[in-house]
Amino acid sequence: MKCRYFCDSEAHSLGRRSFMQAFGAGLAVGGWGLASQAQALAQLKSDQKRMLVVFLAGGVSQLETWDPKPKTDTGGPFRAIPTSVPGIHISELLPETAKVFNRLSLIRSINSHNDDHGKGSYQMGYGRNRMPGVAYPHLGSVCAKALERPNSPLPGFLKIPGGGRGRDAAYLGPAYNSVGVNGNPLANSARHGSLSDEIDQKRHDFRRQLNDRFLLSRRSAETEVYTESFEQALGLMERRDVFDVSKESDVDQERYGKHDFGRHCLMARRLLEQDVSFVQVSHSNYDTHNENFNFHLEQMAEFDTPFSNLIRDLEDRGMMESTLVVVMSEFGRTPRINARYGRDHWGKAWSICLGGADIQPGAVIGKTNDNGTEVIDREVAPGDLFHTYLSAVGIDSSGTFDIDGRELPVADPAHGPISELIS
Amino acid sequence: MDITKTHIQSDWEVSKPLLSCVYHPEGEFVFTGCEDYCVWRVKVSDGTKEQLDCDAWVRAIGIADSGNMLITGGYDGRLIFWEGILSTPKIRKSIEAHDGWIRAIAVSPDQSLVASVGNDLVVRVWNTSDGALQHEFRGHESHIYNVCFHPIEPHLVSGDLMGQLIAWNIEKGAQERSWKAESLSKYDNGFRAQIGGFRGLTFRSDGQSLAGSGITKVSNAFAGIGNPSVVVFDYPDVEKVAEYLTKEPLRGVAWNVRLHPEGTIISGCGGSGGRLLFWKPGQTEQVHQLKLPSDMRDLDLSADGKRVAVALANGHLAICLMDEKSPS
């Protein structure tokens with residue numbers, strides 16, 4: 001009888017407390033894969049690609065970042081500055097990012113038809129509109145699965161900051177759920193001081209012995225999952241320093257900044273260097289209904305230096321060719337400035353910044369009108385973005401996952417990649 | 001003057017949402033900064049307008065040279081000295097005064113100096129006659145939101161986002177004292193941002209009191225949920241005298257404050273509708289308020305103390321008479 005390894009039920013979500021809360025993910029389970037051998041081979045070619053998302057939570061203003069409209073009725077007080085790519089201007093709030101723009105591109109024509117935080121986060125993370133009763137895997141889970149490093153002890157989908165495990169992998173299974181880290185060694189990952197190497201080894205040997213005997217007669221998907229997770233957790237314990245950003249040099253800690261976002265960007269670099277498939281760093285908060293300009297001044301100042309240093313460092317390490325970097329939000333902000341100097345939610349015409357991997361550098365996709373109130377060229381939907389990200393890291397976004405004999409599309413078939421942006 | 005009879009005497013549509021306003025000392029004109037990157041000269045009696053293109057948002061406006069010079073400080077960091085302001089305004093001099101926004105300027109009582117402050121954390125004092133830099137004061141650790149001169153002593157006071165106030169002695173070129181208005185600044189842990197600061201800062205004409213205005217009791221910085229507040233200090237003892245709040249808990253920011261020579265504290269707020277607010281000194285319970293047609297963003301008191309000019313978010317300039325309506 002064919003095992004139904006995962007049904008996304010609570011029982012299958014690996015509920016061991018404490019020890020597994022932090023890193024009970026990354027389970028290598030057989031029986032799934034892309035639908036064909038050809039696809040699988042194509043997948044192998046992209047094995048060394050990875051993705052970084054910088055998520056500006058709350059909805060960053062496109063006018064104060066990637067699509068400034070100075071001296072218009074919606075432009076606000078900030079000016080536009082040239083970038084290192086002739087002809088591309090961004091907000092003056094991003095002077096350091098402007099210097100590394102030769103590695104980046106813009107999509108300025110997103111229309112997500114949505115002004116709601118939850119729906120917007122879902123659209124950007126899952127590439128679809130949320131539908132009741134239907135669960136799809138998050139972009140990070142898709143990358144963790146399709147770009148899986150079989151021999152890595154590290155989870156394939158890491159979120160910074162965070163704690164514990166997410167439930168974002170849907171039918172891909174808990175192996176591809178996110179794991180949250182915060183720049184410190186994972187909670188409960190150090191062996192208790194009272195245990196010597198010898199005693200520790202003995203207890204693991206004993207566990208394995210019992211486990212093997214149990215498996216002789218009661219082997220199941222669940223037992224394999226638990227066995228795998230224990231072994232992976234042991235591997236993680238040996239590499240717990242990977243999650244400790246204080247191991248980075250003082251110089252780098254100074255360059256990135258001592259604030260949370262600086263530490264988290266440095267942590268992201270550390271994880272990408274360890275070849276984690278998907279890393280997401282969040283920066284809060286951009287939900288500026290009030291005093292949009294003061295708060296963007298404050299937040300973008302914190303964003304600009306560590307983000308640009310991260311791009312520089314990935315470039316210096318030769319990793320930009322294999323690392324897709326995307327700066328996204330759940331939506332943009334209204335061109336209209338409200339009475340409180342705020343901007344409200346706006347999904348009708350907004351932007352993201354991306355670069356690296358197979359993204360053409362220095363490109364601008366789409367256009368908004370003079371005061372940014374609507375898209376006038378090359379409208380792009382969140383579903384298109386999802387396809388584009390996957391294509392940029394070498395995943396065939398028109399492919400399918402084979403889940404218990406069911407072929408489930410990797411991305412929403414109603415959309416497709418922005419082909420002109422892929423090199 | 002009867003503040004309980006305060007009413008809008010005239011209401012002039014200017015342009016886009018307004019940012020700031022200053023009464024000309026002769027009372028015939030009000031100069032108002034606008035989101036259209038201009039300052040407008042508006043004739044109080046008939047609303048006639050003259051445009052001064054500043055190429056930046058301007059929230060800092062001052063008048064010097066016995067009413068013949070206008071000084072504007074823009075979000076582009078430029079200080080512009082305008083001449084011919086009662087006829088055809090022209091730029092006499094422009095200075096790259098600050099790195100980043102100029103948030104406020106103040107003209108000295110003898111009109112020989114203008115102080116400017118902004119996001120570069122520096123207080124700079126310039127000659128109004130030739131624009132020469134006279135002093136630079138450093139000591140603030142967050143964006144400086146406001147500045148004002150003492151009417152008698154050679155002091156100026158600057159206030160920042162964190163609620164820090166610093167008094168500077170111009171003759172000595174040094175810091176005189178430093179203190180804090182705790183209630184006017186807060187770090188919102190939920191949104192991870194600092195909110196507050198001195199949106200208004202002014203001395204009483206006798207120099208015995210210093211008032212600052214802003215927002216207090218913030219529960220949600222990014223939605224602007226907090227209450228307008230005016231804090232008044234004794235000077236030079238800087239003992240906090242009182243915090244003046246609205247009778248009903250209005251939402252928003254007290255965008256400026258004026259201390260009337262007769263004692264009345266005048267402020268106004270915007271955030272969820274505009275109000276002009278009045279208190280008597282030492283009597284923290286609000287004595288009167290006037291509902292405005294839109295959120296208020298700035299105010300100024302006329303030199304004769306009878307009127308308040310109010311810059312509104314709907315692009316209108318309202319002139320409020322603090323007395324009963326004339327029979328006509």
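Guide: A salt bridge here means a side-chain nitrogen of Lys or Arg within 4 Å of a carboxyl oxygen of Asp or Glu. This is a predicted model, and between chain A and chain B the count is three salt bridges.

Visitor: What makes B:Arg199 and A:Glu291 a salt bridge?
Guide: Their closest N and O atoms are 2.8 Å apart. The cut-off is 4 Å, so the pair qualifies.

Visitor: How many residue pairs are in polar contact across the interface?
Guide: The rule finds 13, with both residues at pLDDT 80 or more. On the side of chain A that touches chain B, H10(A) gives the most, with six residues. That side divides into ten nonpolar, eleven polar and eight charged residues.

Visitor: How much area do chain A and chain B bury between them?
Guide: About 2400 Å², with 54% of it on carbon and sulfur atoms. A:Lys71, A:Phe295 and A:Tyr341 supply 25% of the area that chain A buries against chain B, more than any other three residues.

Visitor: Which residues lie nearest the centre of the second largest pocket?
Guide: A:Leu297, A:Glu298, A:Ala301, A:Glu302 and B:His143, out of 42 lining residues. Lining residues need an atom within 4 Å of a pocket point, so these five, being part of the lining, meet that cut-off.

Definitions and conventions:
Residues numbered from 1 in each chain as written. Chains lettered and ligands numbered in written order. Predicted model: local features only at pLDDT ≥ 70, side-chain atom pairs only at ≥ 80, totals over all residues. Heavy atoms only, no water. 1 Å grid on protein atoms, 1.4 Å probe; cavity = no way out; pocket = protein on both sides within 12 Å on 5 of 7 lines; lining within 4 Å. Buried area = accessible area lost by both parts, 1.4 Å probe. Polar contact = N/O pair within 3.5 Å; in protein donor to acceptor, adjacent residues only side chain to side chain. Helix = DSSP H or I, 4+ residues; strand = E, 2+ residues; numbered from the N terminus. Nonpolar A, V, L, I, M, F, W, Y, C, P; charged D, E, K, R; others polar.
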